[in-house]
Amino acid sequence: QVQLAEAGGGLVQPGGSLRLSCTASGASLDVYAIGWFRQAPGKERGEIVCISASEGDSYYSNSVKDRFTLSRDNAKNTVYLQMNRLQPEDTALYSCAAGPDGAYYPADFTSWGQGTQVTVSS
């Protein structure tokens, strides 16, 4: 079972950027689909941010398309989420998850990190 740990969250002003990381242990990430999900205050976890298949194809939700970019560093067993032009509505707990290729809904993913908080505020 792969274990995941997120890092990189914090407080940023509107229009700013952050880079989140999701580092795996116990297994190699390059055989998994990786999803980033977020949970806004008062809402259930499960809003899809983006999903990367093991071969590299990525899907982005309309709310983050053209602002967020997912990348993989297989040598470091880490996936990154570069977030640009952040807005207050991006404030949430961001979690990464690993699952089989084809995974899309949160229930499809079998391993989850604990999350990292992103707060966008002036």
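Y105 sits in the loop between β9 (92-99) and β10 (111-112). Y105 is exposed, because its relative accessible area of 52% is over the 50% cut-off. The model is predicted. The chain has zero helices and 11 strands, and 44% of its 122 residues are buried.

**Y105 and F68**

- Y105 and E44 are 61 residues apart in sequence. In space, their C-alpha atoms are 13 Å apart.
- F68 belongs to strand β7. F68 counts as buried because its relative accessibility is 2%, and the limit for buried is under 20%.
- Beyond four places in sequence, F68 is in contact with residues including R38, V49, Y60, L81 and M83. Q82, N84, L86, D90 and Y94 are also among the contacts of F68.
- F68 and E89 lie 21 residues apart in sequence. Their C-alpha to C-alpha distance is 14 Å.

**Nonpolar cores**

- The largest nonpolar core holds 28 residues. L4, W36, V49, F68, L81, M83 and Y94 touch the most other members.
- Strands that each supply at least two residues of this core include β3 (18-25), β4 (33-39), β5 (47-52) and β7 (68-73). β8 (78-83), β9 and β11 (116-120) also each supply at least two.
- A second, separate core has six residues. Among them are F37, I48, A103 and F109.
- Nonpolar side chains tend to be buried together in soluble globular proteins.
- Y94 touches E6, L20, W36, F37, R38 and V49, among others, when residues up to four places away in sequence are not counted. The list for Y94 also includes F68, L81, M83, G115, T116 and V118.

**Overall fold and dimensions**

- From the N terminus, the order of elements is β-β-β-β-β-β-β-β-β-β-β.
- The radius of gyration of the chain is 13 Å. This agrees with a compact globule, because one of 122 residues would have a value near 14 Å.
- The C-alpha trace spans about 40 × 30 × 25 Å along its principal axes.
- Of the contacts with a separation of 6 or more, 57% link residues 24 or more positions apart.

**Surface and charge**

- The accessible surface of the chain is about 6100 Å². Carbon and sulfur atoms account for 46% of this surface.
- The chain carries 9 positive and 12 negative side chains. The centres of these two sets are 6 Å apart.

Technical notes:
Residues numbered from 1 in each chain as written. Predicted model: local features only at pLDDT ≥ 70, side-chain atom pairs only at ≥ 80, totals over all residues. Heavy atoms only, no water. Helix = DSSP H or I, 4+ residues; strand = E, 2+ residues; numbered from the N terminus. Rg over C-alpha atoms; globule rule 2.2 N^0.38 Å. Buried < 20%, exposed > 50% of the residue type's maximum accessible area, 1.4 Å probe, protein only. Contact = heavy atoms within 4.5 Å. Areas by Shrake-Rupley, 256 points an atom, 1.4 Å probe, with all protein chains shown as cover. Lys, Arg positive; Asp, Glu negative; His and termini not counted. Charge placed at Lys NZ, Arg CZ, Asp CG, Glu CD. Core = buried A, V, L, I, M, F, W, Y, C linked by side-chain atoms within 4.5 Å.
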